[in-house]
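Biologist: Please place the model before us, and let us go through it by question and answer.

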Amino acid sequence: MKPTANSPAEVRLNKVSFSYGEAAFEFDVTFRPGRITAVMGPSGSGKSTLLNLVAGFEVPASGRVLIGERDVTADPPAARPVSMVFQENNLFAHLTVEQNVGLGRSPSLRLTHVDRTAVAGALERTGLGGKGQRLPRELSGGERQRVALARVLVRERPVLLLDEPFASLGPALREDMLELVAALQEERGMTVLFVTHQPEDARRISHDIVFIEAGKAAATGPVGEFFGEGGPEAFRRYIGAS
Amino acid sequence: MPGAGNSGHSDFRTAAGIVALAAISLLIGGAFAGLIVEGLRDLSGAVAAFDPYMLRVARFTLWQALLSTLLSVVPALFVARALVRHPHFPGRGLILQLFAVPLALPALVAALGVLALYGRAGYFAGLLSMLGGDTWPGIYGLSGILVAHVFFNLPLSVRLFVEALQTVPSDQWRLASQLGMGARAGFRLIEWPVLRQALPGVAGLVFMLCVTSFTIVLTLGGGPRATTLEVAIYQALRFDFDPARAVALTVLQVTLTFVIVFVLTRLGANTAAEASLSVAPRRFVSAGRGETALNGALIALALLFVAGPMAATVVAGLQAELGRLVLEPTVQSAALTSLILALLSALLAAALSMALVMARQALALRPAGARRPLLQYATDTGAGFVLVVPPIVVGAGWFILLRHVADVFALAPVLVVTVNAVMAMPFALRALRPAYDAASARHERLCAQLGIAGWTRLRLIDWPSLRRPLATAAAFAMALSLGDLGVIALFGSDAVQTLPYLLLARMGSYRTADAAGLALILGLACLALMFLSTRLGKASDRKVDSVFG
């Protein structure tokens, strides 16, 4: 059965190995269904690589990627039950906001009446009502990421990957966006993997943390445990708590 | 950067590249097949064609190229240096722009300009007769070829050397003037090292252009004493109808070009010309009064030499009965034929280049395990090798292959379009590749994620972001094709004639005024297209900078 947005899907990397030039990665980790997991760790540790493996932009040398009960290891990115928001370049600069969101429904932009209604609803929900005809360059940085989130909504995939999407936004704007992500996750029950460098981001919205170090998932657990006195040593060193 | 993963679009693009490569291989392979078949059919004839005359032609080909290179490159070193040392020289920017014009001018138009100035009935004939004390015989033969080649290649070399000199950091110039380096020390310690690095590349490029020069030798060579291999191939097919000789000449020409290119790549030469140039004045060069005067004179001389034939083209063209010429049905139909063929050729060049660029990027993005290095090489550097095969050779091969099975003259349009398209391709690739690769960097993951692939991606994503670079490439290819006299000289007939072909015919029947008028029209059309091409190119550069989604 194909998992839908309504039935939360577990994301599992089963002994996945991958190498990129000198760097070697070995992931064996599970993300709880219907939860937000912050993926943290030093630069170059493999956070983005992990997300790329789940999204299908990278193909493992060995091991399996499972979403729900489904083995997606060999599936192309578009066939996976996954949406991803990148740090930048989430939008096509020559297409309007509405078209950029519409692409989530039809990659050839052949939209039915139902699709158009869904697009309008998603724009309204993300606070972009009335901006459907604008081009990306007429939007602020925060608004562009809202467009990407609106597209996530119309795609209705059970897994959402966020690769530092708010890293270039100011503190107040970032807070708004985090709240929006948390609210959308709550409504849709998506499984969210959220790469961030900011411990306060993780604290604010995530349920779990996966700490990546040197190409491996070094520690996993609920947020509370991580930030408590008994948190993993490597993580405490990373955030400068010890 | 992460690849597109296992996306279907990668296969679509690779397939497009394979189709384009197959088309190019068919065009060039067919020509070689024609030559081989003919050579085997009449082996003794082909072997017998290697006679002293042919060796003389080969020797002249190399000799004129060597002299042209020396006369273009050596003065260019000093003119470029003068231009860089005097950033405030009046009209410096204009001069550099004027030096870009010959690049855009069809060789035929330039040849007419040279004749209008230095020919037997040229504007300088009276003066030259007076100086020589005898009737000026006109500038045919080696001297004509050299003047025309220098007209083209001196400004090209100047621009390339100026570009090289401008890579010297301004701090070095500042330091030099602080240390009180004179002109000689500055040249030896700062300018010469940079120029020496650029020298093999520039000289190699010019030499190659002169070895494969066809139109100028055809129009200015004037006889068997001053003939190059390319012109000899044309004469063997068009006038003597001696296919065996044509085969022998072609083999020699191809061998020669391959050897030269091999030697040049060893020397580190870049065999494709770069026309763009950013003009950044350097302020900290101090030159003495004597040097300033000398440099000024040098620049003025070069300027006169380059501007002369251009001015002569304009003046002679305006003296022609342009009104009558434009209304003449033959001219109108030739112009129409030219425009249609050039447009088709431009579209084909753009499509082929786009396919190659897409395939190259798709192959580069593949994961290490699924690489296809040979195909990647073919879509990358391999495509540049078409420059090594002169259009006349391709034309000659097909001419020989098809003459048994079809009316070769009826096939003129097909060959003109395809050969010109393939010859423009290396330039079109240079306009397209950076733009496509930049767009790909922005769009690759997004397209893979959303499942945008194949024609949909071409229509929705790639076309809008590549419209301008595609137009740049197409305008450039169209200008090249419009002014070309290579293939049409072989295949042209009264039934199918282009403007350059008609121009050559009018020259041949001594209707000089008509030829001058046509040259002006043709030259302006090509300049307009080149201007359009660079404008579109610059605009798209700016656009890439300012847009991110």
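Modeller: Residues are numbered from 1 along each chain as its sequence is written, chains are lettered from A and ligands numbered from 1 in the order in which they are written, and side-chain values use heavy atoms, with hydrogens and water left out.

Biologist: What is the mean pLDDT of chain B?

Modeller: pLDDT is the predictor's confidence in each residue, from 0 to 100. In chain B, 90% of the residues reach 70 or more, and the mean is 82.

Biologist: Over which residues of chain B is the pLDDT below 50?

Modeller: Two stretches can be named, and contacts here are heavy atoms within 4.5 Å. Residues 1–6 of chain B have 26 contacts in the model beyond near neighbours in sequence, with pLDDT below 50. Where pLDDT is low, the predicted coordinates should not be read in detail. The pLDDT is also below 50, with 33 contacts beyond near neighbours in sequence, over residues 271–283 of chain B.

Biologist: What ipTM does the predictor give the complex?

Modeller: The predictor reports two scores for the complex. The pTM is 0.80 and the ipTM is 0.81.

Biologist: What area is buried between chain A and chain B?

Modeller: Buried area is the accessible area (1.4 Å probe) that two parts lose on being put together, summed over both. The contact takes 34 residues from chain A and 25 residues from chain B. Carbon and sulfur atoms give 59% of the buried area, which is about 2600 Å².

Biologist: Which residues of chain A lose the most area to chain B?

Modeller: Three residues together account for 25% of what the chain A side buries. They are Phe57(A), Asn89(A) and Phe92(A).

Biologist: How many residue pairs are in polar contact between chain A and chain B?

Modeller: A polar contact is a pair of N or O atoms within 3.5 Å; within protein, one must be able to donate a hydrogen and the other to accept it, and residues adjacent in sequence count only if both atoms are side-chain atoms. A salt bridge is a side-chain nitrogen of Lys or Arg within 4 Å of a carboxyl oxygen of Asp or Glu. Across this interface the rule finds 0 salt bridges. With both residues at pLDDT 80 or more, the count of residue pairs in polar contact is 6.

Biologist: Which elements give two or more residues to the side of chain A that touches chain B?

Modeller: Helices (H or I, at least four residues) and strands (E, at least two) are DSSP runs, numbered from the N terminus. The elements of chain A that qualify are β6 (82–85) and α4 (141–155).

Biologist: How many helices are there in chain B?

Modeller: Buried means under 20% relative accessible area, exposed over 50%, and partly exposed in between (1.4 Å probe, protein chains only). Of the 549 residues in chain B, 55% are buried. Residues 24 or more positions apart account for 83% of the chain B contacts with a separation of 6 or more. Chain B has 0 strands, and its helices number 23.

Biologist: Which residue forms a salt bridge with Arg245(B)?

Modeller: The closest N and O atoms of the pair are 2.8 Å apart. Arg245(B) lies in helix α13 (residues 243–267), and its partner, 194 residues apart, lies in the loop between α2 (43–48) and α3 (52–85) of chain B. Both residues are buried. The partner is Asp51(B).

Biologist: Which residue forms a salt bridge with Asp437(B)?

Modeller: Asp437(B) lies in helix α19 (residues 412–450) and its partner in helix α16 (residues 329–365) of chain B, so the pair ties together parts that are 77 residues apart in sequence. Both residues are buried. At 2.5 Å between the closest N and O atoms, the partner is Arg360(B).

Biologist: Which residues of chain B does Ser108(A) touch?

Modeller: Ser108(A) lies in the loop between α2 (97–102) and α3 (113–125) of chain A. Ser108(A) is buried, with a relative accessible area of 15%. The residues it touches are Thr456(B), Arg459(B) and Leu460(B).

Biologist: Is Ala495(B) buried or exposed?

Modeller: Ala495(B) is found in the loop between α21 (486–491) and α22 (499–508) of chain B. With a relative accessibility of 72%, Ala495(B) counts as exposed.

Notes. Lists of a residue's contacts leave out its neighbours within four places in sequence.
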